[in-house]
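The sequence and structure come before the details.

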Amino acid sequence: MTKPLEGKLVLVTGASKGIGAATAVALAEAGAHVVLTARDVRSLEAVEDRIHEAGGASTIAPVDLAESDGIARLASAIAGRWDKLDAMVISAAYLPTLSPVTQIDGKQFSQAVTINLLATQALLANFDPLLKRAGAGRVIGLTSSVGKDPRAYWSAYGATKAAFDNMLESYAQEVEKIGNVRVAIVDPGATRTDMRAKAYPGEDPETVKPPEEVAQRLVELLVNDFPTGHRERVEK
């Protein structure tokens with residue numbers, strides 16, 4: 001079997017379930033050593049078991065992205081073991097309860113801002129040196145259509161994803177001329193995840209694509225490469 005990502009180190013956030021977990025498994029199958037990060041240690045261990053049973057390589061790094069110094073500690077730990085980071089897939093996200101703008105839960109909104117926006121800035125800031133050291137560092141951020149197209153009752157999530165997109169695009173422009181780091185923003189589209197079930201409780205999950213389809217597309221992007229600022233939506 002060909003291993004197009006053999007020798008590559010890839011960090012995946014939100015790797016304990018859903019698209020993040022599927023992406024971690026697919027990256028390992030393609031030969032990458034995957035660093036899995038999320039809060040749930042037991043779920044991370046389950047994903048790592050799947051990877052190791054299939055002959056892949058991975059390392060779990062439990063981190064709560066909402067902790068003020070969690071990301072800095074993660075970057076320091078990775079830098080202490082490896083001299084570069086070839087790619088980072090930002091999959092972790094928090095979906096507040098859907099509600100009108102006037103009834104947004106302040107605590108949940110704050111959590112969404114922290115996970116979806118502030119943590120993204122911290123990830124870029126702390127891993128920028130390792131990405132640049134790779135010579136061809138790649139960043140893929142998973143977004144949502146509601147970040148670009150506002151939708152009633154989705155504002156608490158959509159606003160953070162709009163800011164997420166803006167930050168990633170700004171970073172892409174900032175590093176474009178000073179190295180070879182490239183950034184892509186991918187909208188997974190309707191996907192069979194816990195987050196999707198929370199937003200659409202009456203939906204038949206079999207009517208939407210499994211996370212493995214999104215994961216395969218992300219691997220293809222990293223294998224075949226992409227221009228910085230690339231955006232796409234993964235359709236079924």
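A helix here is a DSSP run of H or I with at least four residues, numbered from the N terminus. By that count, K161 sits in helix α6, residues 155-176. The model is a predicted one.

K161 is buried but forms no salt bridge. The nearest side chain of opposite charge belongs to D165 and is 6.3 Å away, whereas a salt bridge needs a side-chain nitrogen of Lys or Arg within 4 Å of a carboxyl oxygen of Asp or Glu. Leaving aside residues up to four places away in sequence, K161 touches A93, L142, T143, S144 and G147.

Helix α3 takes up residues 70-81. At 1.5 Å a residue, its 12 residues should span 16 Å, and the end C-alpha atoms are 17 Å apart, which agrees. Its buried residues are G70, I71, L74, A75 and I78. These cover an arc of only 135° around the axis, so they lie on the same side of α3. The face turned away from that buried side carries the exposed residues S76 and G80. Among the elements covering the buried residues of α3 are β1 (9-13), β2 (33-37) and α4 (106-133).

The loop between β3 (57-60) and α3 holds D64. D64 counts as partly exposed because its relative accessibility is 23%, and the partly exposed range lies between under 20% for buried and over 50% for exposed.

| From | To | Distance |
|---|---|---|
| D64, polar side-chain atom | A66, backbone nitrogen | 3.0 Å |
| D64, C-alpha atom | V223, C-alpha atom | 29 Å |

D64 and V223 are 159 residues apart along the chain.

Technical notes. Residues are numbered from 1 along each chain as its sequence is written. This is a predicted model: local features need pLDDT of at least 70, side-chain atom pairs count only at pLDDT 80 or more; totals for chains, interfaces and linings use all residues. Side-chain values use heavy atoms; hydrogens and water are left out. Helices (H or I, at least four residues) and strands (E, at least two) are DSSP runs, numbered from the N terminus. The expected span of a helix is 1.5 Å times one less than its number of residues. Buried means under 20% relative accessible area, exposed over 50%, partly exposed in between (1.4 Å probe, protein chains only). The arc is that of the directions from the helix axis to the C-beta atoms. Contact means heavy atoms within 4.5 Å. A polar contact is a pair of N or O atoms within 3.5 Å; within protein, one must be able to donate a hydrogen and the other to accept it, and residues adjacent in sequence count only if both atoms are side-chain atoms. Lys and Arg count as positive and Asp and Glu as negative; His and the chain ends are not counted.
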